[in-house]
Amino acid sequence: GSGWAAQCIADRNVTWTRTLEQSLKMVAQGRVDMSINVEIVARYYIKEVGLADQLILRNPVDQANFHLFIGKESRFVGILPEFDRIVAAMLADGTTQKIYDSYLNS
């Protein structure tokens, strides 16, 4: 995905998997010691594959920033300032947390 693992831990004894689901199952089965991923995505898959009673989520090991990329010729370029304002407001008023919570509890 982001290349974080290749950049930060590739010199370790890493077992690469094709999917997060596969990685989480390997941890639960004791085939590997840990998996590193984005919290919201990992929480969703842990719930989806029924591994909540077998895995422990620890504190973040790093921070990754996600960016929106949009083509310079996109018809949406003009709304970017309003988009940024709305996202900032959603973060400030807790709306994004509610979306995360509903995503995880669906």
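Colleague: Why does tyrosine 45 count as partly exposed?

Modeller: This is a predicted model, so the value is computed from predicted coordinates. Tyrosine 45 has 31% relative accessibility.

Colleague: What makes tyrosine 44 partly exposed?

Modeller: The relative accessible area of tyrosine 44 is 22%. Buried needs a value under 20%. So tyrosine 44 counts as partly exposed.

Colleague: How do you know that the rings of tyrosine 44 and tyrosine 45 form a pair, and why is the pair called edge-to-face?

Modeller: Their ring centres are 5.4 Å apart, and pairing asks for centres within 6.5 Å. Their planes stand at 90 degrees, and edge-to-face means over 60. So the pair is edge-to-face. The structure holds one aromatic pair.

Colleague: How many salt bridges does the whole structure hold?

Modeller: The search finds three.

Colleague: What makes lysine 25 and glutamate 21 a salt bridge?

Modeller: Their closest N and O atoms are 3.1 Å apart. The cut-off is within 4 Å, so the contact qualifies as a salt bridge. Both residues lie in helix H2, four residues apart, about one turn of the helix.

Colleague: Why are glutamate 39 and arginine 43 separated by about one helical turn?

Modeller: Because they are four residues apart in helix H3. Glutamate 39 is partly exposed at 42%, and arginine 43 is partly exposed at 38%.

Colleague: What makes glutamate 82 and arginine 85 a salt bridge?

Modeller: The closest N and O atoms are 2.7 Å apart, and the rule asks for within 4 Å. Both lie in helix H4, three residues apart, about one turn of the helix. Glutamate 82 counts as partly exposed at 39%. Arginine 85, at 47%, also counts as partly exposed, because exposed starts over 50%.

Colleague: Why is leucine 68 called exposed?

Modeller: Leucine 68 has 57% relative accessibility. Exposed means over 50%, so leucine 68 counts as exposed. Leucine 68 lies in the loop between H3 and helix H4.

Colleague: Which residues form a nonpolar patch on the surface?

Modeller: Leu68, Phe83, Val87 and Leu91. Together they have about 370 Å² of accessible area.

Colleague: Which residues make up the largest nonpolar core?

Modeller: There are nine: Leu20, Leu24, Met26, Val27, Val32, Ala42, Ile46, Leu51 and Leu55. Helices H2 and H3 are the elements that give two or more residues to this core. H2 gives the largest share, four residues. In soluble globular proteins, nonpolar side chains tend to be buried together.

Colleague: What is valine 32 in contact with, leaving aside neighbours within four places in sequence?

Modeller: Valine 32 is in contact with Thr15, Ser23, Met26 and Val27.

Conventions
Residues are numbered from 1 along each chain as its sequence is written. This is a predicted model: local features need pLDDT of at least 70, side-chain atom pairs count only at pLDDT 80 or more; totals for chains, interfaces and linings use all residues. Side-chain values use heavy atoms; hydrogens and water are left out. A nonpolar core is a set of buried Ala, Val, Leu, Ile, Met, Phe, Trp, Tyr and Cys residues joined through side-chain atoms within 4.5 Å. Buried means under 20% relative accessible area, exposed over 50%, partly exposed in between (1.4 Å probe, protein chains only). Contact means heavy atoms within 4.5 Å. Patches are made of residues with over 30% relative accessible area and no salt bridge: like charges are joined within 9 Å, nonpolar side chains (Val, Leu, Ile, Met, Phe, Trp, Tyr) within 5 Å. Accessible areas come from the Shrake-Rupley method with a 1.4 Å probe; for residues, only the protein chains shown count as cover. A salt bridge is a side-chain nitrogen of Lys or Arg within 4 Å of a carboxyl oxygen of Asp or Glu. Rings of Phe, Tyr and Trp (its six-membered ring) pair if their centres lie within 6.5 Å; planes under 30 degrees apart count as stacked, over 60 as edge-to-face and the rest as tilted.
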